[in-house]
Amino acid sequence: METEKKRILVVDDEPSITRLLKLNLEQTNEYVVRAENDSETAVAAAEEFQPDLILLDVMMPGLDGGELASRFEANPKLKSVPIVFLTAAATKSEVYARGGKVGGLRFLAKPVELSEVVACLRQHLGQGTNR
Amino acid sequence: MSTEPATRSKKHEQASLESEQRYKRLLASVTDYVYAVTVEDGRAVSTFHGPGCEAVTGYTSDEFEHDQQLWYRMIREEDRPAVLEQAERILKGQETPPLEHRIIHKDGSVRWIRNTTVPRKDGQGQLVAYDGLVYDITERKQAEERLKSAHAELAANQEALKRTLEELRTANQELKETQLQLIQAARLESVGALAAGVAHEVKNPLQTILMGLDYLVPNFPAGNENIAMVLSDMREAVTRANTIIRGLLQLSAQTDFEMKREDLNASVRRALNLVKAQVIASKVSVVRKLDAHLPPVKMDRGKIEQVFINLLINALQAMSPGGVLTVTTRAGPFGESLNVNEAAFRQFSRGEPVVLAEVQDTGTGIAAVNLPKVFDPFFTTKPVGVGTGLGLSVVKKIVEFHGGGVDIQNAAPGGVVVTLVLRAEPE
C-alpha cells in the first residue's frame, strides 16, 4: 500500500539531482519522494508533504541547508523529522571517519550512490525522534 | 775709518756662517758616498771613506780612519753576517751583487743603505783593492715598507671582500630559494582556493551522472554487453573524477587539523592495513622496520594516515609484481645518527630530536629531471587515469603543516625512497 511507503522530502537547488533521486528512490517501491528546488518554499512544502525524513542539500542559494534545518526544527509540525544533509563540501572519508555525522548532524558526501542513500534512509527511518 | 776693520770682521763672520749653512744643506742633500778598501794578500788592510760618508752615516772620514772597526759596529747586528759574506766573496774574487742592509746612524736612527762593490785588480789580475758605493735608500725602503703594508692591508681587505661576496652569494641563494618557496606556497594556496570552489561545482554534476547511472543500470534490458560496458565505464569515470576532487579538497583543507600526541608507528600500521587489498593485488611484499621505541609526535592522526596511504599507493603503483615495499621508522637527533639530505629539511637544526619515516619501493625510480617537480600539483609520471598528480602535493602540504619536511630521492638499488621528518615530542 502507498501509505506504508516512507515519505522523503529532497531539497536541493539542482533539479537534475532531485529528479533522479526521486526516480531512483521511488523505483525501490519503499519511498514516496517529493522534490523541492527552492529552499524558500521548502518549509511550506514540508508542512504540506509531512515527510518521514528530509534529504537536505547544504549549499543552496538564498536559504542554505543549515538555516533551513533551523526552520524545520523551529516548526512544531516538522521538528521531529530526521534530516540527512547532502554535502559537496566534505569528502566521503571525512564523513565516514566521523561515523556519518559532522557536528552531531547526519551527512552524506556527494557524489553519493543510490545504495548508500538507501542504506542511510533505512538506518535512520524509524528513529524519527533520535535526531 | 775706525769702523772699517770691525765691519770687515762682521762681513767675514757672516760669510763664514753662510758657507757653513750651505755646506750643511749640501751635506743633507748628499745621499751617497764612496769608500775604498785596500787589499793585501787577500785581506783588507785599510779602508778610506769618502767625505759624503758623514751625510749618510753621521760619521766623518776621520772618524772612520781612526776607528777601523767603526764601519762594522755601525752595521745593524742582524745584518752583519750578510755584509761579512759580501766582503768575503769580493776578497775571493767572486761576483758580488749589491747588498741592501741597515746601519745605525750616529744620531741613533736606523738607515737603509745599498752597498755596491767594484773590484780593482793589478796587471796580473790580482785583487789589490775594491771600491764601494753606498746609497742611502731609507726613503725608498720606507716607501717599500708602506707599500708592503698597504699591499697586506689590501690583501686583507680583498680577503674580507671575498668573504663578504661569498656571504652575499649565499644570502642571495637563500633568498632565491625562499622566493621560490614563497611562489610555490602562493601557487599552492591559489590552487587550494580554486580547488575548494571547483570541487563543489563539480560534485553536483557528478551526483547527477551517478544518480543517472543508478537509474539506467536496472532499467536497461539485460543481455546488451555494450550498454553494460558503457555504463560501467561511466561509473568508473565518475569515481576517477571524484578522486581528483577529493585530492583537491585535501590540498585546500587548511584549518581542520586536530593535533594530538600520537604514535607514528600506529599510523603506519593503520595505513598499511587500509591498503592491504592493493598490496595483495599488486603482488608485492611488505617489509616493516618500525622502531619500537619511537617517541610521540604531535600530529593529526587522520591526516598523517592520509600521508602514508598516498605514499604507499604511489609505491605500489610504481612496482611490478615481486617488488618489495619497505616502511621504516626511526628516531634520533637530526643530522647526526639520522642521516638525511639536510638541504631538504632546513626547518630542523642539527641535533634536534626528530622522528623519521621512510617509504621505499623497488620500482623504476624517477628521472632526475622530474624529481624537483614531483610535489607540484597535477604533476604525475603515472599513465593517464592512474594518478591524479595530487598525492604528493597533499603529502607535502600536510607534512609541512605539521612543521615537518618531506624529501624524495632515487634509491641506490633502484626505486624511490620518500623520507618524512617530524619533530619528536618529549616522552
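Trainee: In which sense do strand S11 and strand S12 of chain B pair?
Mentor: In this predicted model, strand S11 of chain B covers residues 405-410 and strand S12 of chain B covers residues 416-423.

Trainee: Which residue in the turn of the hairpin formed by S11(B) and S12(B) has a positive phi?
Mentor: Five residues lie between S11(B) and S12(B) in this hairpin. In the turn, a positive phi of about 115° belongs to Gly414(B).

Trainee: How are H10(B) and H11(B) oriented to each other, roughly parallel or roughly antiparallel?
Mentor: Helix H10 of chain B, residues 301-318, packs with helix H11 of chain B, residues 391-401, at an angle of about 150°, and their axes are 9 Å apart. Angles over 145 degrees count as roughly antiparallel. H10(B) and H11(B) are therefore roughly antiparallel.

Trainee: How many nonpolar residues does the contact of H10(B) with H11(B) have?
Mentor: The residues that make the contact include Val307(B), Leu311(B) and Ile313(B) of H10(B), and Val394(B), Val395(B) and Ile398(B) of H11(B). By class, four residues of this contact are polar and one is charged, while the number of nonpolar residues is seven.

Trainee: Which helix gives the most to the side of chain A that touches chain B?
Mentor: The contact between the chains involves 17 residues of chain A and 17 residues of chain B. On the side of chain A, these residues divide into eleven nonpolar, three polar and three charged. The most, six residues, comes from the helix that covers residues 15-27 of chain A, namely H1.

Terms used: Residues are numbered from 1 along each chain as its sequence is written. Chains are lettered from A and ligands numbered from 1 in the order in which they are written. This is a predicted model: local features need pLDDT of at least 70, side-chain atom pairs count only at pLDDT 80 or more; totals for chains, interfaces and linings use all residues. Axes are lines fitted to C-alpha atoms, for helices over the stretch in contact, and angles run from 0 to 180 degrees between N-to-C directions. Helices (H or I, at least four residues) and strands (E, at least two) are DSSP runs, numbered from the N terminus. Angles under 35 degrees count as roughly parallel, over 145 as roughly antiparallel, 65 to 115 as roughly perpendicular and the rest as oblique. Two residues are in contact if their C-beta atoms, placed from the backbone, lie within 7 Å. Ala, Val, Leu, Ile, Met, Phe, Trp, Tyr, Cys and Pro count as nonpolar, Asp, Glu, Lys and Arg as charged, and the others, Gly among them, as polar. Two strands pair if DSSP finds at least two bridges between them.
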